[in-house]
Structure formats: C-alpha cells, structure tokens
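Here are my notes after a pass through the model, for you to read with the structure open. Tell me where you'd look further.

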Amino acid sequence: MGSLGAVLKHPDDLFPLLKLKRAMKHAAKQIPPEPHWGFCYSMLHKVSRSFALVIQQLDTNLRNAVCIFYLVLRALDTVEDDTSIAADVKVPILIAFHRHIYDREWHFACGEKDYKVLMDQFHHVSTAFLELGESFQKAIEDITKRMGAGMAKFILKEVETIDDYDEYCHYVAGLVGLGLSKLFHASGTEDLLSDDLSNSMGLFLQKTNIIRDYLEDINEIPKSRMFWPRQIWSKYVIKLEDLKYEENSEKAVQCLNDMVTNALMHVEDCLIYMAALRDPAIFRFCAIPQVMAIGTLALCYNNIEVFRGVVKMRRGLTAKVIDQTKTIADVYGAFFDFSCILKSKVDMNDPNAEKTRSRLNAIQKTCRDSGLLNQRKSYVVKSNPRYNTAFIVMLIIILSVIFAYLSAKRTN
Ligand code: D61
Ligand code: MG
C-alpha cells in the first residue's frame, strides 16, 4: 500500500509519522565533524535506521560507546553472514576479531553495499574505538571475543535442539544485552543488571528476527541459513525448507506458532529488566526495540505470509511505537495490548493453543499487577480519537486551500 493509502486507512498514524520524519532529519544532521566519528555515525544511520534513532537520544559518552559497540558487532556479523566465505577462512577471522579492533591497519573485504563500505573502511571504527574510555573498551572487547567464538562454533554446527537455539541466540544477541548492561553501568546512571535478565532482552529480539526472516534466510544465496531448531520444526515437516511449500501451509503455520510461543517465554524477564532502568533515555533505547518485537510477533503469529514474503509492521505503527514508548507504563500497556491481539489469533485447533494462551495470560497478569495499566494513553488496539479529529480538521483545511486555489485560477 502506498503511504497515502496507509495514512487514509490509519489516520492516527499521521502525526507520529511526521514527528518521526522530523526526528530522522534532525538525527541525520547531527554527524560529528571528525572524519572517523563522522564515518561511524553516518554508517550507523545507513546500516540501522531504527537503532540510530534510539541511540541518538543517549548522553554523548554512552552514545559514542554504544555506536562503536554496534558497528564492531555489525562488522563481525557481516563476516558471519557472508555465505560466500569458506568456513576455514571465516572461523579464524571470527575468533581473532576482538584483537583486530585495536589494529588501525586491519581490514577484511566482505559483505555487500553499506556493509562492504563498513568493512573496507573499518579503520575509522578502530580509530574511534581507541578514543573510548578504558572500561568501555574492555566491555566491547570482551563481548566481541565471546560472540566471535560462539559464531565460529555455529559455523561448524547446526541448530538442532532448543538448547542449541538458546545458545546461538545467546552468542549473537544475549551477549549484546550483557555488554549494554555493562556500558550502562559504566556510564554511571544504572545499577548493573543481572546477566540472565540482560540475556533475555537479546533473546527476545533475536528470536523475533529469526522467526520473521524465515524466507529470507532459507533463500540465502549461495547457501541457505537455518536458525529454526530441528527439535521444533521436525514435529511438522521432514525438511525445514518444506515449510515454504503451499501444500504444507497448515503445518507451516503450526510450526510458526510453536516458534512464537517459544519466544514469548522471555517476555517476563524483559519486563523485569525494563522496570529496573532509571535513566529515561536508556529506558527508551531499550524499550522501543522490545515493543517493536512483541508487535512483530503479534503480526507474524498464525500468518502464512511469513512463508511467502516479508512481514513487517507498517511504518505508521512503528512511528507510533517510537512516539508512545516513554515510560514503563507505556511498555506494560503495549505488551498488554499486543498480547490481546495475539490471544484473539489463537486457533482452538492449534496443537500448542493451550501453552500459547497460558503464556499470554501470564504476560497480561504481570502487566495488570503492575497497577499501571489504566494510567496509559489508549495504545495500539484502540486508536487515539484526538489524532482522528485533528486529521479530519487538517484534511478540510487542505481541501479548502486546493479549492480556493482552483477557483482563483478559473476566474483568472
Ligand atoms: C537493549 C537494547 C538493545 C538490545 C538489547 C538490549 C539486547 C540485545 C540487542 C539489542 C541485540 C539484538 C540483536 C537483534 C537483531 N539481530 C541482529 O542484528 C543479528 O545479528 C546479531 C549479531 C550482531 C549484533 C549487532 C547489534 C545489534 C543491536 C545492537 C548492538 C549490536 C549494539 C548495541 C545496541 C544494539 C542478525 O542481523 C541480520 C538481520 O537481522 O538482518 C543476524 O545476523 O542474525
Ligand atoms: Mg548473523
């Protein structure tokens, strides 16, 4: 759907969308003058618009550390993701990556498009890294070392069991959570949150990505990538790729719902983690991706389109989440609302219906028990009537201007 069509269908998306556009323009203008920092921030905008926007709100010192942390790991991930590099070349690079970040001369060409530029000009990232405070450097080095070793392990091994799945997600995303908690603590505004809770923050985001990206990963050229654990999909099909064929639609959706139910396990930890944050900017930085994740799961659940193409939240809803995620009350509200949507999609005949429903009830109970649910603005389920009225008023003004213009033209 074109953007005008989307806005007409969801008029209350309009203001958040305009606000988001403005915020993105503003963020893009705030590129530092030093060439290495300039490179890092413009790269961040290119490879991750969404993270760039939330990172932008952090305090300068922490922001620089998080930006470099992101780019170092994105570069490491570019090596991991490049399916054209042979395993015997890739594995040693992944394992030694944490040493390369101290070496301004090091570089390794791989990846495509913006990722290729990041790899080719990696010296800018190293230069910026070497300017960070020592506690930030040590935290980034430690996580890079552990993530590289974990990725190397899974280059040589498939994700078979649910334990393997949790272990892989720990390496590529849970560790980001551990590292961020360290950086938040080092910046002085937060307590050091537990490794378990930090890990869950990453697992919830990564599992959502893995679920949503099924088709993209299975169709990867020259070699497909498989992250869905055999222990789950083998209950439904013989080979993971069978899920994409139309004749297996029913099994595919059941398997998908099983995967979503598995991801929902982490939600309660994530809510505890977010409730423990004190700094409003750090809070938003953490909460926005989490709300997007539960929104994405609500969209993917019971949705055959996951096996046909890209399933993404509409831009307007993303803008709304960014605009309306400010406090823990907003987060409880959003998780409650998306759990409602999920619940309404659970089919009685789904083999995991009971399990899914009980997870959703537990999430909703946590949100209710916070005592903060009625403090929130109406969120995703109900639309905000203030925006609707404003939209109609604006539409009338625009139409009147066009009408006045056309009649003036006719009289001339
Ligand atoms: C609070 C706030 C943000 C958090 C968090 C807690 C805990 C964990 C994370 C962010 C990381 C979540 C990663 C989810 C997205 N997955 C990926 O990007 C996959 O690559 C994983 C390895 C590289 C991780 C790079 C990264 C990501 C987010 C960060 C960060 C570093 C540093 C600071 C802040 C956020 C995925 O990428 C390809 C794709 O999704 O298309 C993959 O290869 O599987
Ligand atoms: Mg990867």
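**Notes on the predicted model**

1. Let's start with α17: nine of its ten residues are buried, so this helix is largely enclosed by the rest of the structure. Keep in mind throughout that we're looking at a predicted model. The buried residues of α17 are Gly-316, Leu-317, Thr-318, Ala-319, Lys-320, Val-321, Ile-322, Asp-323 and Gln-324. So Lys-320 and Asp-323 are on that list too, which means that each has under 20% relative accessible area.

2. The largest nonpolar core has 134 residues, and Phe-97, Trp-228 and Phe-335 have the most contacts inside it. Helix α16, residues 280–300, gives the most to this core, with 14 residues.

3. Not counting residues up to four places away in sequence, Trp-228 touches Val-159, Ile-210, Ile-211, Tyr-214, Trp-233, Leu-240, Leu-243, Cys-255, Leu-256, Met-259 and Phe-307.

4. Now ligand 1. Which residues come closest to ligand 1? They are Arg-74, Asp-77, Asp-81, Gln-206 and Asn-209, out of 18 residues that surround the ligand. As for where the shell comes from, α5 (60–81), α10 (162–186), α11 (195–212) and α16 each supply at least two residues. Helix α5 gives the most, with six residues.

5. A polar side-chain atom of Asp-77 lies 3.0 Å from an oxygen atom of ligand 1, and for Asp-81 the distance from a side-chain N or O atom to a ligand oxygen is 3.1 Å. Gln-206 instead has a polar side-chain atom 2.8 Å from a nitrogen atom of ligand 1. On its own, ligand 1 has 810 Å² of accessible area, and the protein covers 89% of that. By residue type, the shell divides into eleven nonpolar, four polar and three charged residues.

6. What about Thr-261, buried or exposed? Thr-261 is buried, because its relative accessible area is 1%. This threonine is found in helix α14, residues 249–264. Leaving aside neighbours within four places in sequence, Thr-261 is in contact with Lys-355, Thr-356 and Arg-359.

7. A few backbone angles to check. Most residues other than glycine have a negative phi, and most peptide bonds are trans. Against that background, the peptide bond from Ile-221 to Pro-222 is cis, with omega near 5°. Pro-222 is placed in the loop between α12 (214–218) and α13 (230–233).

8. Two residues to look at for phi are Lys-113 and Asn-302. Phi of Lys-113 is near 50°, a positive value in a residue other than glycine. Lys-113 has its place in helix α7, residues 113–120, and is exposed, with a relative accessible area of 71%. Asn-302 isn't a glycine either, yet has a positive phi of about 60°. The place of Asn-302 is in the loop between α16 and α17 (315–324), and at 31% relative accessibility this asparagine counts as partly exposed.

Key:
Residues are numbered from 1 along each chain as its sequence is written. Chains are lettered from A and ligands numbered from 1 in the order in which they are written. This is a predicted model: local features need pLDDT of at least 70, side-chain atom pairs count only at pLDDT 80 or more; totals for chains, interfaces and linings use all residues. Side-chain values use heavy atoms; hydrogens and water are left out. Helices (H or I, at least four residues) and strands (E, at least two) are DSSP runs, numbered from the N terminus. Buried means under 20% relative accessible area, exposed over 50%, partly exposed in between (1.4 Å probe, protein chains only). Contact means heavy atoms within 4.5 Å. A nonpolar core is a set of buried Ala, Val, Leu, Ile, Met, Phe, Trp, Tyr and Cys residues joined through side-chain atoms within 4.5 Å. A residue is near a molecule or strand if one of its heavy atoms lies within 4 Å of it. A polar contact is a pair of N or O atoms within 3.5 Å; within protein, one must be able to donate a hydrogen and the other to accept it, and residues adjacent in sequence count only if both atoms are side-chain atoms. Accessible areas come from the Shrake-Rupley method with a 1.4 Å probe; for residues, only the protein chains shown count as cover. Ala, Val, Leu, Ile, Met, Phe, Trp, Tyr, Cys and Pro count as nonpolar, Asp, Glu, Lys and Arg as charged, and the others, Gly among them, as polar.
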